[in-house]
Amino acid sequence: MPQLFPLLAVEKPTLPRPSWQDFRRDLGIGELGAGLVALLFSASGAIAVILQAAAAGGLDNNQTSSWIFGAFFGNGILTLLLTYLYRSPQAYFWTIPGTVLVGDALTHLSFAEVIGAYLATGVLVFLLGWSGLIGRVMAVLPPTIVMAMVAGIFLRFGLDLVNAGREEPLLALPMIAVFIALSALPNLGKFAPPVAMAAIIGTVLAFSTRSFSSGALAGGWIAKPLLYQPQFSAPAMIELVIPLAITVVIVQNGQGTAVLAASGHHQDPNLSAAASGIWSLFVGLLGTSSTCLTGPTNAIICSAPDRRRHYAAALVTGIGAVIVGVLAPALVGFMVAMPKAFIATLAGVAMLVPLKNAFVAAFSGAATTGALVCFLVTVSNLTLLGITAPFWGLVFGCACAAALDR
């Protein structure tokens, strides 16, 4: 077995692993706030995608709870492991576009067939990372086009923020005002992180005005994960494996790698693919869609001021994800009970700086015509051959760059 390790294409850790004393020293209020808000972001709107997919497949509460348990507990463990080993932020969750694809497939495929496709996808993605092929693919993608795809994906958070302020101003506008005030006063913002304080203000307002739904804990507190027996069928393999692999290695991991690079962190795409693939095997048996390196969550983690301490924020997110997984029924019930404007506003203010950075990186270098095409296709919600717009944004953006950005 040891002789196989030289074949492994992923980069080995170079930074010293953080000790408990290092973590305590580097966990400032900024890192704590960024880590918690990143967790809250992942445990809010993203969960709604899982709930919709589970409803489309007619899954019961126990099956849905097991899915969410794997999404948070399982991927939280991976986040903690790789962040610790590499001393850099590496938040892994699940592919949201892939989950949308799964929701559509569950209308005519059994859950066991979908889980079989999860496992086949995991093997394929792992081999792409193990062999180093995905690293060579990512190396030829113009970074401006990749960041244009990121900007297109992030754009909806800014639009949702505007809509939340229009639809529920009494809740959204105070949260926005707190965020702006603390952002304009950086010395105060060090002790009262703008995004975290906006979350606190929004929670207080939601409870004081009783604008949250009742019955948040009707489903209980503790998750009861299920272990499934997969079924490998040709229709599921043809429909899901290649599209799921694309959403993981190109759309999601590409987005996550670009976000981390923009924040000054080197993220090996081979490592992301290999880790996503092998971890998808474990969480897939729990009913959870494929693991990936997340973009928005890592962007929020990297919003903390000191780049060298971002790993501490990622560890906070990982620890919180493990807890969310264990308490999946209670946490899901609580987030669903909160007003939609609360989630939209919180995500919007958290993503303002990452959205700005994505636009700057996309349109301040080479291949800007291709970047513009990529951005437009990404925000168009185009779906071809069962593959969503971000992938086609990369395809058409690269094609236009080759033809027009000489």
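Helices here are DSSP runs of at least four residues, numbered from the N terminus. I note at the start that this is a predicted model.

**Entry 1: helix H19 and the surface**

I looked up Leu-376 and found it in helix H19, which covers residues 368-379. Is Leu-376 buried or partly exposed? Its relative accessibility is 49%, so I put it down as partly exposed. The cut-off for exposed is over 50%.

I then checked for a surface patch. Leu-376 belongs to a nonpolar one, together with Phe-363, Leu-372 and Val-379. I noted about 310 Å² of accessible area for the four together. Phe-363 has a relative accessible area of 33% and is partly exposed.

**Entry 2: aromatic rings**

I stayed with Phe-363 and went on to the rings. I noted 13 aromatic pairs in the structure. One of them joins Phe-359 and Phe-363, with 6.2 Å centre to centre and 25° between the planes. Why does this pair count as stacked? Planes under 30 degrees apart are classed that way, and the angle here is 25°. The centres also have to lie within 6.5 Å, so 6.2 Å qualifies as a pair. Phe-359 is partly exposed at 28% relative accessible area.

I also wrote down an aromatic cluster made of Trp-67, Phe-111 and Tyr-228.

**Entry 3: Ala-350**

I moved to helix H17, residues 340-350, where Ala-350 is found. Its relative accessibility is 6%, so I list Ala-350 as buried; the limit for that class is under 20%. Which residues does Ala-350 touch, leaving out those up to four places away in sequence? I found Val-37, Val-195 and Ile-300. I also took a distance to Tyr-311, which is 39 residues from Ala-350 along the chain. The two C-alpha atoms are separated by 18 Å.

**Entry 4: cysteines**

How many disulfides does the structure hold? I count zero. I looked up Cys-302, whose nearest cysteine sulfur belongs to Cys-292 and is 15 Å away. A disulfide needs the sulfur atoms within 2.5 Å, so Cys-302 is in none. Cys-302 is buried, with 10% relative accessibility.

For Cys-400 the nearest cysteine sulfur is that of Cys-398, 9.7 Å away, and Cys-400 is in no disulfide either. I noted Cys-400 as partly exposed, at 23% relative accessible area.

Key: Residues are numbered from 1 along each chain as its sequence is written. This is a predicted model: local features need pLDDT of at least 70, side-chain atom pairs count only at pLDDT 80 or more; totals for chains, interfaces and linings use all residues. Side-chain values use heavy atoms; hydrogens and water are left out. Rings of Phe, Tyr and Trp (its six-membered ring) pair if their centres lie within 6.5 Å; planes under 30 degrees apart count as stacked, over 60 as edge-to-face and the rest as tilted. Buried means under 20% relative accessible area, exposed over 50%, partly exposed in between (1.4 Å probe, protein chains only). Patches are made of residues with over 30% relative accessible area and no salt bridge: like charges are joined within 9 Å, nonpolar side chains (Val, Leu, Ile, Met, Phe, Trp, Tyr) within 5 Å. Accessible areas come from the Shrake-Rupley method with a 1.4 Å probe; for residues, only the protein chains shown count as cover. A salt bridge is a side-chain nitrogen of Lys or Arg within 4 Å of a carboxyl oxygen of Asp or Glu. Helices (H or I, at least four residues) and strands (E, at least two) are DSSP runs, numbered from the N terminus. Contact means heavy atoms within 4.5 Å.
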